[in-house]
Every structure is written in structure tokens, then in C-alpha cells.
Amino acid sequence: MSNYHLRNKALSLKAKGLLSQILSLPEDWDYTLSGLCYINRESKDAIYSAVNELEEY
């Protein structure tokens, strides 16, 4: 995994962590809000806001 996103000061820690986790998952994993909520203690709204932030950048 590249650490380029970890050095991006425009991204929140939440967005950096989520992207790091996504990059660590297998390609055939269930990349949905429900799937990400299942492996995290965050609500769908929290995951959704992090995903939106990542999409912006």
C-alpha cells in the first residue's frame, strides 16, 4: 500500500483510516456501506461521510 494518502493534510484521520482499510481488503470483498459498517464500529453516516470526503479528493 502506498502511503501517499497518509501524508495528505487535506484528508481527515477518519478518511485516511478508512482508505487504508479499504486498500488492505481483498478485491472480491463486499465494498458497500453495509460491508464497511460490519467490520467497523462506525455508523453508516460516519462511513458515508468518510467515503464522500475521499471522493472529493
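How do the axes of α1 and α3 cross, and within what distance do they come? They come within 9 Å and cross at roughly 90°. That makes α1 roughly perpendicular to α3 (65 to 115 degrees). This is a predicted model, with local features needing pLDDT of at least 70 and side-chain atom pairs pLDDT 80 or more, while totals for chains, interfaces and linings use all residues. Residues are numbered from 1 along each chain, and side-chain values use heavy atoms, without hydrogens or water.

**Helix α3**
- Helix α3 (a DSSP run of H or I, at least four residues) covers residues 44-56.
- Its 13 residues reach 18 Å from first C-alpha to last, close to the 18 Å expected at 1.5 Å a residue, counting one less than the number of residues.
- A46, I47, A50, E53 and L54 are buried (under 20% relative accessible area, 1.4 Å probe, protein chains only).
- Seen down the axis of α3, the buried residues fall within an arc of 125° (directions from axis to C-beta atoms), so they line one face.
- D45, E55 and E56, on the other side of α3, are exposed (over 50%).

**Packing of α1 on α3**
- K14, A15, L18 and L19 of α1 make the contact (heavy atoms within 4.5 Å).
- From α3 come A46, I47, S49, A50, V51, E53 and L54.
- The cover over the buried residues of α3 includes α1 (13-24) and α2 (33-38).

Technical notes
Helix = DSSP H or I, 4+ residues; strand = E, 2+ residues; numbered from the N terminus. Axes fitted to C-alpha atoms, helices over the stretch in contact; angles between N-to-C directions. Parallel < 35°, antiparallel > 145°, perpendicular 65-115°, else oblique.
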